[in-house]
Amino acid sequence: MKKKLSSVLILAAFAASPALHAAGVTDAMIENDAKSGNDILSYGMGTQGQRYSPLTQVNSKTVARLVPAWSFSFGGEKQRGQESQPMIHNGKMFVTGSYSRIYALDARTGAKLWKYEHRLPEGIMPCCDVVNRGAALYGNLVIFGTLDAQLVALNQDTGEVVWKEKIDDYAAGYSNTAAPLIAKGLLLTGVAGGEFGVVGRIEARNPLTGTMVWSRPTVEGHMGYKYDKDGKKTETGISGTTNKTWPGELWKTGGASTWLGGTYDAKTGMAYFGTGNPSPWNSHLRPGDNLFSSSTVAVDVLTGDIKWHYQTTPHDGWDYDGVNEFITYEQNGKRLGGKADRNGFFYVMDATTGKLENAFPFVKKITWATGIDLKTGRPNFVAANRPGDPTKGADAAKGNTVFSAPSFLGGKNQQPMAYSPKTNLFYVPANEWGMEIWNEPVSYKKGAAYLGAGFTIKTLNDDYIGALRAMDPVTGKIVWEIKNPAPLWGGVMTTAGDLVFYGTPEGFLKAVDSKTGKEMWKFQTGSGVVAPPVTWMDGDTQYVSVVSGWGGAVPLWGGDVAKKVNYLEQGGSVWVFKLSSK
Ligand code: CA
């Protein structure tokens with residue numbers, strides 16, 4: 001009876017705009033996602049990834065009244081890292097959990113509508129915990145990637161599998177953890193597995209059927225393809241020029257994985273994907289820039305053609321994956337993009353041409369380069385701070401060990417930043433840490449770690465690792481910062497209500513003033529937050545939500561830092577908040 005009543009209410013609400021909702025989630029709705037506060041249809045709260053909400057009911061004056069509306073446990077023994085961003089549509093929340101699980105919940109009550117648990121084979125090889133970052137919505141489908149490198153599309157209402165497609169061979173180290181991106185009616189995905197010598201690429205599929213449309217490798221030398229309706233593939237040219245920036249055969253297992261997915265700007269018609277480290281980590285094995293690793297790659301959404309690329313760490317020797325999100329924004333009538341790279345520098349690019357406009361550090365200690373030359377766009381390397389060649393030097397098995405900052409976990413890692421068109425500031429969840437790193441001999445073996453390097457992560461300061469920083473992209477200055485003892489690993493959201501929301505591994509979801517950084521509100525979620533918050537409006541109520549569950553790469557790879565935070569407890573739940581009436 002209750003169910004029927006709510007269906008009637010939902011139908012009544014949709015009666016005002018029946019055409020908009022008749023076909024489920026449309027391209028027009030996704031392109032309008034950043035402006036519409038009523039649903040969340042893309043990872044990034046808009047395909048540009050700004051994570052800016054126009055909603056103002058929860059604001060710097062009212063946020064003190066923010067209280068829990070409901071909480072839902074992902075259940076089971078499978079907790080581990082929860083890095084997922086919830087999606088909201090048609091009164092439902094779609095949220096993924098660790099171990100390739102997805103849940104549909106009533107967005108007002110938290111009541112479970114359905115759950116899908118992907119059956120994972122033995123021998124999956126996710127590098128950095130069994131995480132998932134979210135789903136995509138299209139038509140009546142909810143689509144997400146799995147740890148065994150598949151894509152699964154489910155009926156939003158019933159949870160039934162509509163299609164399932166293999167991306168690649170998990171036994172060769174391929175996996176998928178990013179939220180897919182929908183742009184111009186295509187489903188765009190990448191691959192993870194740079195630590196196993198996979199070949200990075202961007203792929204486009206028909207989101208309704210899962211059939212391939214085009215594929216574009218992000219390692220120079222590999223062939224791109226387009227596919228006709230019957231699945232017949234045609235060559236569309238090699239990425240770059242074979243052996244121009246890679247020696248010998250190494251490009252064949254060259255990494256440059258697109259593991260964090262991409263953003264899309266309808267104004268430029270391009271999708272922007274970051275790429276990970278060249279494989280293996282030992283840079284002495286692969287002289288050259290090793291395109292298109294540790295870069296931002298801008299592709300034409302309809303063809304997959306690379307329109308421009310910018311390599312943040314040429315000839316990467318530190319695992320400075322350039323996967324970080326490229327967020328486009330408007331400044332003085334110009335379309336720009338901002339990126340806080342794992343290598344510690346923040347880059348401002350012309351989003352149309354890829355021309356470097358500005359570059360500055362967003363962390364306080366960087367050892368591998370003294371800065372970025374704005375004329376050439378290249379880093380000023382500190383040659384002595386590259387980990388040594390294991391065939392030379394005092395210790396022939398290891399090469400010279402160097403101390404590097406940032407650590408390979410990065411000035412920023414997977415945790416997405418936010419941009420506010422109201423303050424013109426980027427809110428960057430940064431970390432200050434370093435590492436001892438050395439190289440070792442290595443050769444490629446399918447399904448085996450392909451690093452050729454060893455490392456230990458070190459703290460730099462006694463009192464903090466994480467720092468939420470408001471960065472001015474024009475001046476390159478830190479406008480304000482909030483230090484945090486544990487490394488920040490959740491994302492950031494900002495709102496027209498003059499607030500910035502972010503979570504901490506210590507378990508708090510916090511709201512701070514977007515202009516000053518003053519803390520306005522916090523709530524203990526019961527486990528560490530390593531996921532980005534979201535907000536939406538349902539009727540006359542603004543909701544705020546975040547997933548809680550400590551994990552991710554830090555406990556697995558964090559060396560001395562992992563020891564420092566090993567008191568943090570795991571979890572797996574989603575929290576939803578609204579203002580109390582008084
Ligand atoms: Ca990597």
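Okay, let's start with the second largest pocket: 20 residues line it, and Ala34, Lys35, Gln48, Gln50 and Arg335 lie nearest its centre. Helix 3 (27-31), strand 17 (262-265) and strand 21 (327-331) are the elements that each give two or more residues to that lining. Keep in mind that this is a predicted model.

How big is this pocket in volume? About 450 Å³. If you sort the lining by class, you get eight nonpolar, five polar and seven charged residues.

Setting aside neighbours within four places in sequence, Pro54 is in contact with Ala34, Lys35 and Ala496. So where does Pro54 sit? You'll find Pro54 in the loop between strand 1 (52-53) and strand 2 (66-73). Its relative accessibility is 34%, so Pro54 counts as partly exposed, which here means between 20% and 50%. And if you're looking over at Leu451, that residue is 397 residues from Pro54 in sequence and 44 Å from it in space, C-alpha to C-alpha.

Last topic, the cysteines. A disulfide, as you all know, is a covalent bond between the sulfur atoms of two cysteines. How many do we count here? One. The partners are Cys127 and Cys128, with their sulfur atoms 2.1 Å apart. Which hand does that disulfide have? The torsion about the S-S bond is about -100 degrees, so it's left-handed.

Methods
Residues numbered from 1 in each chain as written. Predicted model: local features only at pLDDT ≥ 70, side-chain atom pairs only at ≥ 80, totals over all residues. Heavy atoms only, no water. 1 Å grid on protein atoms, 1.4 Å probe; cavity = no way out; pocket = protein on both sides within 12 Å on 5 of 7 lines; lining within 4 Å. Points joined across faces, edges and corners; volume = space filled by probe spheres on them. Helix = DSSP H or I, 4+ residues; strand = E, 2+ residues; numbered from the N terminus. Nonpolar A, V, L, I, M, F, W, Y, C, P; charged D, E, K, R; others polar. Disulfide = S-S within 2.5 Å. Buried < 20%, exposed > 50% of the residue type's maximum accessible area, 1.4 Å probe, protein only. Contact = heavy atoms within 4.5 Å.
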